[in-house]
Amino acid sequence: MKSLYELPAFVVSRKIKEQEITAEEYISIIIERIKKVDDKINSFISHNFESALIRSRAIDKKIKEGINTGLLAGIPVGIKDNISVKGLKNTCASRMLAEYVSPYNATVVSKIEEQGGIIIGKLNMDEFGMGTTSEYSSHGPVRNPWNLDYVAGGSSGGSAAAVASSQIPLSLGSDTGGSIRCPSSFCSVIGIKPTYGSVSRNGLISYSNSLEQIGPIARTIYDLVPLLNTISGDDPKDNTTVHKKYEYQTNNVDNILKKKYRIGVLNELIDDSETEVGKNTRKKVKQLENYGCEVEDTRIPLSNYALASYYVIATAEASSNLSRYDNLRYGYEGSPEGYEWNSYFSESRSKFGDEVKLRILLGSYVLSAGYYGKYYAKAQKIRSMIKREFDILFNKYDILLLPTMPVLPFKLGEKTLQPIEHYNLDVYTILANLAGIPAISIPGGLSEKGFPIGVQLIANAFNEQKLIDAGVLLENVDGFETWIPKI
Amino acid sequence: MNNIKKMGPELKIGLEIHCQLTNLQTKLFCDCLSNYRNSPPNENTCPICLGLPGTLPLLNKRAVEFASMICMAFNCNIPEEISFYRKNYFYPDLPKNYQTTQYNSYELSSIGYEGSIEFVGDSKSKTDASKDSKQRGRIRIARVQLEEDPGKITYEEDKSAANNYSLIDYNRAGVSLVEIVTEPDFSSPIAVRGFLNEIVNLFEYLGVTDPSLEGSVRCDVNVSVGGGKKVEIKNISSFKEVEKSIYYEITRQKTLIMHEIDVKPETRHWDEKRKVTIAARSKEEEEEYRYFPEPDIPRIILGGKFVSRVKTLMPELPIERLQRYIEVYKITEHTAKILVNDKRISDFFEESLRYHKSPIEISNWIVNELLTKINEKDRQGLTDHNTRGLDILSVSPSQVAEIAKLVEVKALNRTIAREIFDKSIETGTSPLKIIENLEIEKISDEASIIKIIQDILISQPQLPEQSRNNPNVINYVLGLIMKETRGRVNPQIALKLIKQMIESN
């Protein structure tokens, strides 16, 4: 018989609500599992076990008393360490914030708790979300559960690896240029970057405000949807959120097939990928075609310019967002007492890791008065042109299909010294961030050597339902929720 | 049209005025109070205005309204949509190390642009009013922008190098600030001073700020002499100092020019103690603010609907009020300006009119009697800094209205009226009460006068008969009445009644 930690959250939650098991038992098993496994993976930066147990008992009590407990009753959720949880350390995997404890909850965290979800701990990542491998962390790199010598992907590497290794059923990541989808692909879990403005960013520590969104990661689409429903919605604490109805469904296959989705396949991008990635992606195309979806090859002509546009905008915003860290009022151990301001400031700024420093420098450069037009303004122009290209494509197609990552997971340390090569890894994921549209990474199979391959689906703004429908189809044909690394 | 031809090198002065929107309930981007002045240090703060990681600015829509009202008062254009920019620089009083503001170099972002304001003008120079108004009548406004105020640093010593510590208070951080940038349209320090006084008055009319609060209205200045480079003066604490700093800067620049030394375009600080300007920024710290659009605040679409709604919120402006006083109330321009140039006095006037609608009479009482009295008190140094004008006297609009009414309707003798008014504003007692006590009210009601005449006719019944042959009898009776009442009876009414009663007898 399967252990509780292996089961999907929606199954366990039903058992808890029907009082077959208690939330406390479940949380205890999860804690045990984390303690046993995470030494190898390094997906958690900090734990919240004690208050998680207290909360689980409160939920059990509510259930006994017949009080409604919500969509996520008794379910542990891991939170990326750049999303604020009141009373917990919020390091962003940076020495700069080593001792920073958030005095407030991010809106998404409050919403999870309102639905009976239990915050189990904070997850490892690239420092401030800057990276594609989760190696740039003050807490050490996250290891891929499928092979511990390999990267888990990033920057939400902890969020994906903890779910993939069956430590927790659900986590939140953040996605600025693929940070949810990349590790989801590398670890064989599902991760979705929602439409910009559909999930509140209040409490998410900004890397690049105009690009990023918080999103859920799960092993099965049936777990992903309740968490997505929980966190979606406009928020008076985030002026960039959009008021809409966000009620996503996991429809049954027959109903989905009636919708006759038209799928545009980004053929060139598939061809440009590693052979095994391309092969598996085409297999997915075939599967959807067999379901009766209309499939057609198409392209995004401007995708070549996307990477440059992305890195200009992201680093520009980052250079400004990160300027507030000076350890004057919060940050790490150390006090400005006795220092002259400028010297204290430069000392504190040395606490950033090299990759963060690099991006701050890049961003400062592209924003300087003489270069604004040459870089930042041009990048924004490209961005709006790419948006327009997507608009045109979505007149024809419901969903666009491409690989999540152009490559298979690689060894730790293999690409950290080559920034350009490193940045190039993001080329397929940044498209959705630039356009503000939703994109999902779905497990697409394993390579010959047993490394996960993810397939990426993109839909028009606020069309998450189409991505979820496609996820249901692929999960049903593949049963990928059963592909679990042995650990 | 500005037609400035003056002796000596041409002088150009422009202003950057900062006005805190103190009448807003909350700060520009969070729910902390706008009124930070009564809180212990760092208590009027929250995660948003402290710029804690993950917090987002939440735009105060009322602030946009208030700023638009200022734009309208300055006849600025209000664009269809506005946006915010980040101005990045490191300073300990800036919680995020950037200021959220507006910036027009890359696009039209600010709430107002290209305005101009005609101003009321100083009433003191009435001898030369025409010349005066031509010279200082209209100032062009480059732009009006909405931004956040930083926190406040308190240094141990004035010289920063000598400091062992400095204290930061973030209570002010995030308070709404409107920056108004004028074109260099001023040609004298006096004109600047006059303009600033009117601007403060205008803010009071608009109800957006309380200028009596310390630091609620601040001003930077730029000065250029003889078409030379522009020098900016910052760090000026009061309007008096603004005037002094300009005088100093003019002399400094003229001296440089005389010695054929180039005036450098630079920012200088006003040293209030030594009364000199000091170069503030060296070249290596040249301004590089890395402006870019604030991603956390979506563009705000204003449009015609918004503009017309704000129009309905606009109060009567000083210049409009001046016009009304002159045209409708027929008050002299001189008197009208005195009233209008202090909103509280003007409001006092309007309130008085509600008790007795006689604008000319009431305005004269206010300007000639009340303000003279206040000025006397001012000279005697009886006012401390915070009590202004009307507060030092216990005077209410109804008192002024009453005295005006007594003079006009009941023909109270002006000299006596003045005495009564003085007493009234010293004590706060109503003029009517004072008269009752003094029994010097003019007797105007016919019944009382008839009663007196009847008494006289009873004691001297021959009078009607005599009057047929002698017209002087009537005056004789009037004399008796005056004697009886110590001159308090209205003679016109008395004469009329005497005639009537003698004839009917």
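Analyst: **Leu457(A) and its surroundings**

Once neighbours within four places in sequence are set aside, Leu457(A) is in contact (C-beta atoms, placed from the backbone, within 7 Å) with Ile399(A), Leu401(A), Ala439(A), Ile440(A), Ile442(A), Leu467(A) and Ala470(A). The model is a predicted one, in which local features need pLDDT of at least 70 and side-chain atom pairs count only at pLDDT 80 or more, while totals for chains, interfaces and linings use all residues. Residues are numbered from 1 along each chain as written, and chains are lettered from A in the order in which they are written.

Leu457(A) and its partner Ile399(A), together with Leu431(A), have the most contacts inside the largest nonpolar core, which has 148 residues; such a core joins buried Ala, Val, Leu, Ile, Met, Phe, Trp, Tyr and Cys through C-beta atoms within 7 Å, buried meaning 20 or more other C-beta atoms within 10 Å, with 12 or fewer for exposed and partly exposed in between. Helix H11(A) contributes nine residues to this core, which is the largest share. Another core, of 95 residues, lies apart from it, and among its members are Ile82(B), Ile139(B), Val178(B) and Val400(B).

Within chain B, helix H10 (residues 397-409) and helix H11 (residues 414-427) pack at an angle of about 165°, their axes (fitted to C-alpha atoms over the stretch in contact, angles running from 0 to 180 degrees) lying 10 Å apart. These two helices, H10(B) and H11(B), are therefore roughly antiparallel to each other, the term applying over 145 degrees. Where they meet, H10(B) supplies Gln399(B), Ile403(B), Leu406(B) and Val407(B), and H11(B) supplies Arg414(B), Ala417(B), Ile420(B), Phe421(B), Ser424(B) and Ile425(B).

Elsewhere in chain B, Asn23(B) sits in the loop between strand S1 (11-20) and helix H1 (61-73), and Asn23(B) is partly exposed, with 18 other C-beta atoms within 10 Å. Although 186 residues separate Asn23(B) from Thr209(B) in sequence, their C-alpha atoms are 5.1 Å apart in space. Neighbours within four places in sequence aside, Asn23(B) is in contact with Gly207(B), Val208(B), Thr209(B) and Asp210(B).

Technical notes
Helix = DSSP H or I, 4+ residues; strand = E, 2+ residues; numbered from the N terminus. Parallel < 35°, antiparallel > 145°, perpendicular 65-115°, else oblique. Contact = placed C-beta atoms within 7 Å.
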